[in-house]
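Here is a short report for a first look at this structure.

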Amino acid sequence: MINRRQFLQITGAGAAGLLSSGLTSLANDHWAHALVKPSSGFKADLDIALKATADEISILPGEPTGVWRFQGTMLKGDRASLVNLERSYLGPTIRARTGQKVRIRFTNELADQSIVHWHGLHVPADMDGHPRLVIPAGETYVYEFEIRNRAGTYWYHPHPHGLTGPQVYGGLAGLFLVSDDEEEAAGLPSGEYDIPLVLQDRAFDRRNQLVYLSGHRMEQMNGFLGDWIMVNGHPDFILPVATRAYRLRLLNGSNSRIYRLAWKDNSPLTVIGTDGGLLENPVQRRYVMLGPGERLELWADFSRYPVGSEAALVSLPFDGGMMGGGRMGGGMMGGGGGGFVLPNGAEFPVFKVKVNRREESNLTLPQQLSTIKRYDPADAVNREDPKRFHLVMRHMAWTINGRTFQMEQVAPEERVAMNTLEVWEFITEGGGMGMMGGMDMPHPIHLHGMQFQVLQRRGVMHAGYVDEGWKDTVLLMPGERVRVLVRFGDYPGLFLYHCHNLEHEDMGMMRNYLVEAKTSDA
Ligand code: C2O
Ligand code: CU
Ligand code: CU
């Protein structure tokens, strides 16, 4: 017996890659309505004004750097819920608790259109910052949503189609930290011992101004790579610590750089959290891979270090699968944007830690951090027939199943029924066959709106993945395939999934998925 929905899924999977079949456009759909005014029925616990604006900030010695940045003002709610980072281009850190209602009035003071996306948060479709909701310069979009996520390290950044890369690069990004009772009960370092670290790379010209892509297609195919590694907006970052345990929250906020992180002295990393919050139990890794958009939380205990000593987090070398001679480190592109000065996979220091004072604390690493209910693949509506998404190059553009982004288009395999569990498989192997002669690249694949679980990884066995926890972004290195289990709960409408290499995303390596509210066709 095959019901209509399964039939659509089967035919949908069969149609993958055929550009002409079964695509639906949702023009004039009823989900998109920009909120221009706060709604009276929404009782906000936090009410924040957030603007994106041009500014200048001192980053390197000498002339200040022109940036774009988010600036926030707390209109209502706990002042501690909006934390400005000193001397940084990064936007304010927003802190909220699960269950709180948040209103954010976003005003676009840039010259271009923009819209803000809350990366990792589970919010209704018209609160998610889909690019069709962009607002022009001078206008305001009012977001109102309830925090339904568990505690975790989420973040926000612009999402106008084709401009996400340059806007994030210009400085538009910030953290969105959610806390809850379970996290509080875990007994982790808090307050000044809970430290977010946003990793990014930048390139500067001789007058200290940011350099982005030169416009060369090959550069965009690789993605932007800067030769300055920034932490929280600062080059040559040093973290002063006491002789005790810390919680370090790492976000890879880079456009396309991947980090293979390790402690310089080879001691193992203790990982306690991923994109969607705390793991059930801590895990140890010799190194961890961190793709653009991903987060990892570490337990870092400096109690065995003498005062005055140093530690460092480094990025170890790996095969970055770059195109067009990047691996040779050659200057094929003429150095525009510094892209090949420090290729993906180069070895470099990320930040230094200076142990500068003695402090006693009796915190010990908790063995139970949280509880995670694993999805059962047997509950997936397509358990026998995973939806396959091939990450392939077509006509000098990265695509998903041969398609590039169309504002409101959904293909058959991109339709899902609300409150169902599905298996999605992302596949990089053979992705670059064709024009570029079989070159594959890494792709960090991100789903909007949902946290998912990694079911299985095949291809290359890297030891540096942390697939144990909730994820919204999963890194695939060349030759890999990854199966994830995702449950499309609560909110109907149009959401995005895309490569979080922001240059890939901007060239259209992004698609919609549509969550349909109808309960059953059977
Ligand atoms: Cu952080 Cu659509 O992404
Ligand atoms: Cu997102
Ligand atoms: Cu990609």
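## Around aspartate 275

Aspartate 275 touches Thr153, Tyr154, Glu294, Arg295, Gln451, Trp470, Lys471, Asp472 and Thr473, leaving aside residues up to four places away in sequence. Contact means heavy atoms within 4.5 Å. The backbone nitrogen of aspartate 472 lies 2.9 Å from a polar atom of the aspartate 275 side chain.

Aspartate 275 sits in the loop between β17 (269–274) and β18 (277–285). Strands are DSSP runs (E, at least two residues), numbered from the N terminus. Aspartate 275 is buried, at a relative accessible area of 0%. Buried means under 20% (1.4 Å probe, protein chains only).

## Basis of the model

This is a predicted model: local features need pLDDT of at least 70, side-chain atom pairs count only at pLDDT 80 or more, and totals for chains, interfaces and linings use all residues. Residues are numbered from 1 along each chain as its sequence is written, and side-chain values use heavy atoms, without hydrogens and water.

## Cavities

The structure holds five cavities of 30 Å³ or more. A cavity is a set of points on a 1 Å grid over the protein atoms alone where a 1.4 Å probe fits but cannot get out; lining residues have an atom within 4 Å of a point.

The largest cavity has about 70 Å³ of space. Of its 13 lining residues, Met289, Glu294, Tyr465, Val466 and Lys471 are the closest to its centre. β19 (288–290) and β30 (473–476) each give two or more residues to this lining. β19 gives the most, with three.

Terms used: Chains are lettered from A and ligands numbered from 1 in the order in which they are written. Helices (H or I, at least four residues) and strands (E, at least two) are DSSP runs, numbered from the N terminus. Buried means under 20% relative accessible area, exposed over 50%, partly exposed in between (1.4 Å probe, protein chains only). A polar contact is a pair of N or O atoms within 3.5 Å; within protein, one must be able to donate a hydrogen and the other to accept it, and residues adjacent in sequence count only if both atoms are side-chain atoms. On a 1 Å grid over the protein atoms alone, a cavity is a set of points where a 1.4 Å probe fits but cannot get out, and a pocket is an open set with protein on both sides within 12 Å along at least five of seven lines; lining residues have an atom within 4 Å of a point. Grid points are joined across faces, edges and corners, and a volume is the space filled by probe spheres set on the points.
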